[in-house]
Amino acid sequence: MIAIACFCQFSYSYAMKTRLLAAAFIEVVCLLTAALAQSSSDRFRSLPRPDGKYGVARAGYDWVDRSRIDTFSNVTGVQREILVFIWYPTDRPSSGKAAEYLPNARLIAKSIGTEGMSDFWGDAATLVISGEIESDTVEATPIATGKDLFPLVVFLPGLGVPSTAYTALIEEVVSNGYIVASIEPTYEVPAVVFSDGRVVAFSDAATGRHQPAPPGETRERFLARMHAFDAPHLERWAEDMRFTIDQMTLLNHAGKKAAAFSGRVDLNTIAAWGHSFGGRAAARACQLDHRINACLNADGLATDGPIFRYAGAALPSQPFMWMEVSHAPPSDEQLAQYKISRKDWEKNHQTQINTDEEELKECPGGSYHVSVNLPGIDHLSFTDKPLIESDNEEDFNQAERALAAIERYTVGFFDQCLKQGSNHMLDQSVKETTGVAVERFQPAPR
């Protein structure tokens, strides 16, 4: 928590609690939510339409990695299992059935309760449960006609955030000619529903973020403890990414009947992408796997910079981009809570800025630093949450403008690295009137 307050980096996590709610009660809540939502005329339920030429379809896959043991399961010897959503381009207009915004939302609500759903979704939880959120994504349907191959982008969400909470952003990427595989990290999203109907809820033990601090713990010891925790945690998420690439490779070569996208994935152009904790894990995947051609960390940061420093590990050799959004400095109340003076915070903050820049300069594959500073933007502006929580047009438009800027530079980076530099917006290293600053660092000598 000190690191969060000191460096304005917010990792969204849940304090999920087991709630024994009667199934009948939950059913009543689910039936009532649609009426409640419709009675709120100022609630915005439709996500912005993607700008690319393709439509978007989504299919879910339940995969078991038989090379890894699930250390958080109550059953000894169980192997690591993850749920992955594959988003791929389709022809427009699409005749497919509209996809559920959060698959199995009602089943999840039965498992963790409406209060559990509200931990992340807030006032919009009822809309999510009842399926009132509208997007452009359709259920599994034929891939876009033609023979074009599409680059693969593997995505990890922030800690405690379901990957479908990034629907608008993912749709924009896919509509521009990419296949996105978004991972639901088991135990670290509100709940995962596997293909056989099993529901695995969020686990505090998996995140380790709520362990009590030892008496008299100094800031330095706190940071060391968090670093020791993050190392295996990031490793687990990075291995989820690598396993997903393995599975996509198998499906791509398994024949047209294996999946709608089989034979259409360009396995020579792969990117790792993540938000917050997922962004730091994406950087780790790039360190480990040279099949990956580019790495994007969206607003993920710790005291050692946007790339976690493993002992003896080199920085990623692929082109790297760190996109950050502006964060307000901590209030006096927050500083007092963590017993830090404003002067000390400012000193630590400047040290952090210097550390971040030095790390970006040292990247062997070159790097970009994109800073987005727009009204109302924050750590969750990469998700749909600010859009669907809006209760007036001004708030919705502000959230939409922030997301549009994030989308432009996300697609721009992928185009630059995976499509032979077809997009040159990142080469303009000047501050724009749009509130976006781009800084480019040439590849460091190896």
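## Basis of the description

Helices and strands are taken here as DSSP runs, a helix (H or I) needing at least four residues and a strand (E) at least two, with numbering from the N terminus. In those terms Ile-340 belongs to the loop between α9 (332–337) and α10 (342–361).

The model is a predicted one. The secondary structure of the protein amounts to 12 helices and 12 strands, and 54% of its 446 residues count as buried. Among the contacts with a separation of 6 or more, 77% are made by residues 24 or more positions apart.

## The sheet

An open sheet is formed by 10 strands with mixed pairing, and the strand order reads β3-β1-β2-β5-β4-β8-β9-β10-β11-β12. From one strand to the next, the twist averages 25°.

Within this order, strand β2 (residues 79–90) and strand β5 (residues 179–184) are paired in the antiparallel sense, with five bridges between them. Leu-83 has Glu-184 of β5 standing opposite.

Helix α7 is placed across several strands, namely β1 (55–69), β2, β4 (150–156), β5 and β8 (265–275), and it runs at about 115° to β1.

Helix α7 (residues 219–252) also approaches helix α8 (residues 277–288), their axes coming within 8 Å and crossing at roughly 70°. Because angles of 65 to 115 degrees count as roughly perpendicular, α7 and α8 are described as roughly perpendicular to each other. The crossing of these two helices is right-handed.

On the α7 side, the residues that meet α8 are Asp-230, His-233, Leu-234, Glu-235, Trp-237, Ala-238, Glu-239, Met-241 and Arg-242, while α8 contributes Phe-277, Gly-278, Arg-280, Ala-281, Ala-282, Arg-284, Ala-285 and Leu-288. The residues of this contact divide into nine nonpolar, two polar and six charged.

## The loop residue Ile-340

Ile-340, in the loop between α9 and α10, has a relative accessible area of 15%. Since buried means under 20% relative accessible area, Ile-340 is classed as buried.

The C-alpha atom of Ile-340 is separated by 9.9 Å from that of Arg-219, although the two residues are 121 residues apart along the chain. Helix α7 spans residues 219–252.

Note on methods
Residues are numbered from 1 along each chain as its sequence is written. This is a predicted model: local features need pLDDT of at least 70, side-chain atom pairs count only at pLDDT 80 or more; totals for chains, interfaces and linings use all residues. Side-chain values use heavy atoms; hydrogens and water are left out. Axes are lines fitted to C-alpha atoms, for helices over the stretch in contact, and angles run from 0 to 180 degrees between N-to-C directions. Angles under 35 degrees count as roughly parallel, over 145 as roughly antiparallel, 65 to 115 as roughly perpendicular and the rest as oblique. A crossing is left-handed if the near helix is turned anticlockwise from the far one by less than a right angle, and right-handed if clockwise. Contact means heavy atoms within 4.5 Å. Ala, Val, Leu, Ile, Met, Phe, Trp, Tyr, Cys and Pro count as nonpolar, Asp, Glu, Lys and Arg as charged, and the others, Gly among them, as polar. Two strands pair if DSSP finds at least two bridges between them. Buried means under 20% relative accessible area, exposed over 50%, partly exposed in between (1.4 Å probe, protein chains only).
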